[in-house]
Amino acid sequence: MTVAAESASLVQSVDWVAIAPPTITATVGMIVLVADLFVPENKKQLHGRLSVAGLAAALLALLPLREGDRSTFCLTSDAEVCSYTADHFTLVIQLLVLGGALLTALLSMTETTKNKLPAGEFWFLLMSSAAGAALLPASRDLATLVVALEVASLPAFALVGMKRGDRLSSEAALKFFLSSVTATAVMLLGVSFVYATTGTLHLTEIAVRLDDVPAQLDTLAKAGVALTLVGFAFKTAAVPFHFWVPDTYVGAPLPVAAYLSVIGKAVGFTGLILVTVIAFPSYADVWGPAIAVLAALTMTVGNVAALRQSATRAYSAVRLLAWSSVGQAGYILVPIAAAAYSSDDQIGSTVAYALMYAVVNLGAFAVAALVARTHPLNRIADYRGLYAARPLEALALGFFLLCLAGLPPGIIGLFAKVTVFSAAVDAGLGWLAVVMAVNVVIALYYYLQWTAVLFRAPEGEQPRHAVPVPVTVAIVLTAVLGIALSGVPQLALRFATGNLFQ
């Protein structure tokens, strides 16, 4: 009887409702891969529709989790220590990730046909990456965290290199892969150091044991903390782990570049928040200054590089969005650094800013994908006279750029920047707030310069073509969300006023 009781105690129950969002996404991806074997070539568009439906179902699966109090895969010896937790932080990030993936899927509906991409592989890889990105915010041990990070990353390498025979695509995929693998190797070394120091992989247990590290292991623990941050810093494209960004965005299909700019960032800052705030609070003196310096360098390098983009250079619009995303990553890192000096509540500012950024950046890429249909080189100069040819799309892009700049009528962008600025000031990081203010002014120039191009008189007759319905839907959705958030900014900014881990 005793043996039977002990065996029974080792059996874990699984909360299928809690794990439904990433499970649905992964399952639909597998269905697409298998169905591709049987679907005839002229019906391949069904894969895209099934993927969109799957992502919509995954978003609906978040509704039962809105209370934010579910956990599963817990230790049988301690039900409070779990590997998967669906709290409010998880819910918000999964909403961001799955919503971003859904918009990416809409942009990709015609991409497989236009660029002759293998539809089955494309949709399987996109859904697999989205499943990993949805799993990551719920991960509460380092093993699950690393697995989720790699599941989100590995399919992205293949997505970047999907354009067969395209030199830029192949080069971008190789550069992305090699740099990412190096960052992952360094991170795994850090994880091994943390495990050697604490003897556990669960984030809450690591936090407890790092509070009382023997003196002879203190250096090993500090090295482990620093090295563990590298992999996530790479995903956020923080300087000096940013060099892959512009070439990767140019070489990748535009919807994939949009996906990396938003979901890739979400994966990075989510991992940073989990390991710093939950696992390493006792070593805030190590990661706090490091992330503050990374934030300052990242926003400065990104904005200065974006400022230098020539309007007539091939792919200059995509390159500007790429460097802009690096600069925006610097702003996103500021509240994480501030959490080391004040309270965990500061990370809510990162989440609020990320929600704003995800909506308007995906919208900007959606308009860029539309322009690329008639101007494959996608130069900023190609946007001249867009208002004369397509006034609604030009107004939408202008609104997105003003949101990124933090200017009215993009009220949500302004409020999000003020929230991040306040987090730095409240934490006593006055120097970082000054650096941010200078960078916001720098960014104003190139955002306004591009916006002005939209409304200039066209140099010649602007080509017209039919806009695919999915692309139109993506532009409309992002514009409506951006306007709604600007009208009621508290919808996003309320995440900046409380602890999301409760």
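Q: Is Asp-87 buried or exposed?
A: Asp-87 is buried, at a relative accessible area of 5%. Keep in mind that this is a predicted model.

Q: What does Asp-87 form a salt bridge with?
A: With Arg-140; the closest N and O atoms are 2.8 Å apart.

Q: How many salt bridges turn up in the whole structure?
A: A search finds 9.

Q: OK, another one. What about Asp-247 and Lys-175?
A: Their side chains meet in a salt bridge, with 2.5 Å from N to O. Asp-247 belongs to helix 11 (residues 245-251) and Lys-175 to helix 8 (residues 167-198), so the pair ties together parts 72 residues apart in sequence.

Q: How accessible are those two?
A: Asp-247 is partly exposed, with a relative accessible area of 23%. Lys-175 is partly exposed too, at 27%.

Q: What about Arg-379 and Asp-382?
A: Those side chains also meet in a salt bridge, 2.9 Å from N to O. Arg-379 is partly exposed, with a relative accessible area of 28%, whereas Asp-382 counts as buried at 9%.

Q: Which residues do salt bridges with shared partners join into one network?
A: Lys-175, Asp-247 and Arg-319.

Q: Changing topic: how many cavities are there of 30 Å³ or more?
A: The search of the whole structure finds 4. The largest cavity has a volume of about 130 Å³.

Q: Which residues are closest to the centre of the largest cavity?
A: Of the 14 residues lining that cavity, the closest to its centre are Ala-152, Lys-235, Leu-260, Ile-263 and Gly-264.

Q: Which helix gives the most to that lining?
A: Helix 12, with 6 residues. Helix 7 and helix 12 (254-279) each supply at least two residues of the lining.

Q: And how does the lining divide into nonpolar, polar and charged?
A: The lining of the largest cavity has 9 nonpolar residues, 3 polar and 2 charged.

Definitions and conventions. Residues are numbered from 1 along each chain as its sequence is written. This is a predicted model: local features need pLDDT of at least 70, side-chain atom pairs count only at pLDDT 80 or more; totals for chains, interfaces and linings use all residues. Side-chain values use heavy atoms; hydrogens and water are left out. A salt bridge is a side-chain nitrogen of Lys or Arg within 4 Å of a carboxyl oxygen of Asp or Glu. Buried means under 20% relative accessible area, exposed over 50%, partly exposed in between (1.4 Å probe, protein chains only). Helices (H or I, at least four residues) and strands (E, at least two) are DSSP runs, numbered from the N terminus. On a 1 Å grid over the protein atoms alone, a cavity is a set of points where a 1.4 Å probe fits but cannot get out, and a pocket is an open set with protein on both sides within 12 Å along at least five of seven lines; lining residues have an atom within 4 Å of a point. Grid points are joined across faces, edges and corners, and a volume is the space filled by probe spheres set on the points. Ala, Val, Leu, Ile, Met, Phe, Trp, Tyr, Cys and Pro count as nonpolar, Asp, Glu, Lys and Arg as charged, and the others, Gly among them, as polar.
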